[in-house]
Amino acid sequence: MSSLPSINDEQVETLIDDVLEQYGYDFTGYSRASLKRRLNRLYSLDKQVSFAEFRYKIGSDSVYFKRFVEQITVNVTEMFRDPSFYKALRDKVLPTLATHPFIRIWLAGCSTGEEAYSMAIVLKELNLLQKSLIYATDINPTVLEKAAQGMFPLSQMKQYSENYIASGGKEDFSSYYSANYAVAKFDVDLKEKMIFSTHNLVADHSFNEFQLILCRNVLIYFDRDLQFKVLQLFDNSLENLGFLALGTKETTDFSPISKRYKRLEMEKIWRKDS
Amino acid sequence: MPKKVFIFDDNNDILELCTLILEDAGYEIKTSATSNNIIEQVLAYMPDIIFMDNWLPDVGGIEATQELKAHPDLKHIPVIYFSANNDVSALANKAGADSFLAKPFDIHTLEEIVSTHIGK
Amino acid sequence: MKNCDALLIGGSAGSLDVLIKVLPSIAIDITFPIIIVLHRKKGTDSLLSDLLSSKTKLIVKEVEEKENILPRTIYIVPSDYHLLIEKDFTFSLDYSEKVNYSRPSIDVTFQSAAEVYKDKLVCLLLSGSNADGVNGLITVKEFGGEIVVQDPKTAQVDYMPGQAILRANVDEVLEIEQMADYINNLK
């Protein structure tokens with residue numbers, strides 16, 4: 001059995017063109033290695049028989065296209081991922097923002113919501129949740145629906161609890177959710193300050209001004225040019241002295257905005273200083 | 001006679017890396033991923049210094065350290081507490097450890113803390 | 001000898017030991033990059049970089065997002081990310097599902113590299129307790145690259161190289177002492 005990928009480079013470009021033309025979704029700036037891998041993964045997962053049929057299905061079946069978008073983008077996430085990052089939020093970033101009468105936070109690429117609920121928990125513990133609003137956006141409407149439910153597999157709670165404690169959390173983590181069969185449902189009051197909405201970082205414009213923008217492990221899927229473009233979008237959406245937080249292996253360095261952003265010591269968090 | 005280091009951590013990678021680094025520096029290393037029967041483990045090896053991770057399975061790092069410090073034959077052995085938790089110094093104090101090392105640490109810091117406490 | 005634009009080394013349990021022994025003997029005038037994919041847990045990145053750095057005069061660094069892959073440099077894949085290679089010879093990091101319970105997965109990087117370097121790729125698989133990397137070796141071979149494994153008899157954990165010999169059409173089986181010479185002879 002050949003282990004060669006079923007979809008080759010030219011076919012990847014063909015699909016990208018099709019999708020742009022048919023649905024207006026622009027994947028041209030996505031890094032090709034990852035995109036190709038996701039496409040081949042989907043092709044195998046769905047046991048497609050030929051590229052022609054796969055291409056046709058994507059182009060003509062809008063329900064399948066929804067699945068296509070879900071699977072092409074990476075939605076892997078966990079609560080309090082990189083605990084030291086959340087520790088920095090808790091100890092340095094949020095206390096600084098506490099002086100604002102109102103805190104607006106944009107979580108770009110929120111996926112199924114784990115980061116948003118983590119943020120809400122930290123805000124609640126700092127008594128800041130009441131005056132905050134978390135805008136959680138993603139390109140993918142399906143994951144947003146899941147995020148709005150606030151239900152995660154119970155089996156993950158042990159790991160999430162460890163992450164939470166390592167990030168400086170002192171409460172009983174299980175007090176934030178109620179367990180039901182295999183599901184942990186997080187408290188409704190955490191969700192009250194969340195707004196879920198679709199937003200495509202490639203195509204959509206700035207829609208508000210924020211004091212804190214988080215976009216973690218999303219830029220890695222974009223090529224350099226698109227990364228710079230998105231950073232510009234964030235810059236347009238961030239108040240002066242606001243904070244921008246990226247994933248542990250991401251950076252604003254070399255981008256057009258880098259000179260106006262000063263990095264906090266250990267984490268990938270920058271403060272805008274125009 | 002090389003000085004002996006005993007490292008307790010449930011992360012095999014940490015154990016392997018620290019072993020290689022400290023062996024290079026001329027020490028003899030023993031490792032364990034559990035604090036089960038900690039007194040017996042330490043009595044059997046009689047190290048010159050002990051590294052204790054916070055998150056040990058069975059008995060946690062704090063309790064394990066307290067047990068060691070309560071034992072007449074072992075309380076003199078320096079215990080260096082380590083943790084990825086930013087409150088590592090508070091945890092180390094609570095445990096009664098002699099010093100602490102915040103994770104992630106680098107080679108230089110590791111070697112320095114060992115040689116400060118027990119020489120080369 | 002084999003034409004080489006990149007050497008990839010993958011391994012799990014027992015591989016670090018091999019690297020410690022082989023790195024000091026790798027010539028500093030090799031003309032290709034070396035990319036190392038080791039299975040590991042989070043939190044040990046700088047220790048690993050520092051340790052390997054102390055064993056060689058070649059530059060040792062952790063992979064940075066979208067950086068150019070340079071010759072004579074040893075790159076280490078960060079923990080908890082997959083590493084992909086772009087057609088323009090830059091690195092892309094990826095945080096998708098674990099493959100073979102691993103992230104980084106050796107299969108993922110070997111396969112990605114095979115598509116880019118094709119027959120100018122050499123992959124070496126070391127000691128380890130699962131078969132991550134074996135499918136990768138098969139792909140590398142299909143693209144014309146050369147696949148090499150550590151002799152299972154000398155491996156701390158023989159499962160990984162053993163599976164490779166069983167399932168992939170391995171070009172060479174090397175003892176630890178033979179590895180540096182083999183690497184230095186690649187052009």
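Q: In which sense do S3(A) and strand S5 (residues 183-186) of chain A pair?
A: This is a predicted model, in which local features need pLDDT of at least 70, side-chain atom pairs count only at pLDDT 80 or more, and totals for chains, interfaces and linings use all residues. Residues are numbered from 1 along each chain as its sequence is written, while chains are lettered from A and ligands numbered from 1 in the order in which they are written. Strands are DSSP runs (E, at least two residues; helices are H or I, at least four), numbered from the N terminus, and two of them pair if DSSP finds at least two bridges between them. S3(A) and S5(A) are joined over three bridges, and the sense is antiparallel.

Q: What is the strand order of the open sheet of three strands in chain A?
A: The edge strands, each pairing on one side only, are S3 (151-153) and S4 (177-180) of chain A. The pairing is antiparallel, and the order is S3-S5-S4.

Q: Which element gives the most to the side of chain C that touches chain A?
A: The contact (C-beta atoms, placed from the backbone, within 7 Å) takes 20 residues from chain C and 16 residues from chain A. Elements of chain C giving two or more residues include strand S5 (82-85), helix H3 (106-117) and helix H4 (134-142). With four residues, the element that gives the most is H4(C).

Q: What is the mean pLDDT of chain C?
A: pLDDT is the predictor's confidence in each residue, from 0 to 100. In chain C, 99% of residues reach 70 or more, and the mean is 95.

Notes
Two residues are in contact if their C-beta atoms, placed from the backbone, lie within 7 Å.
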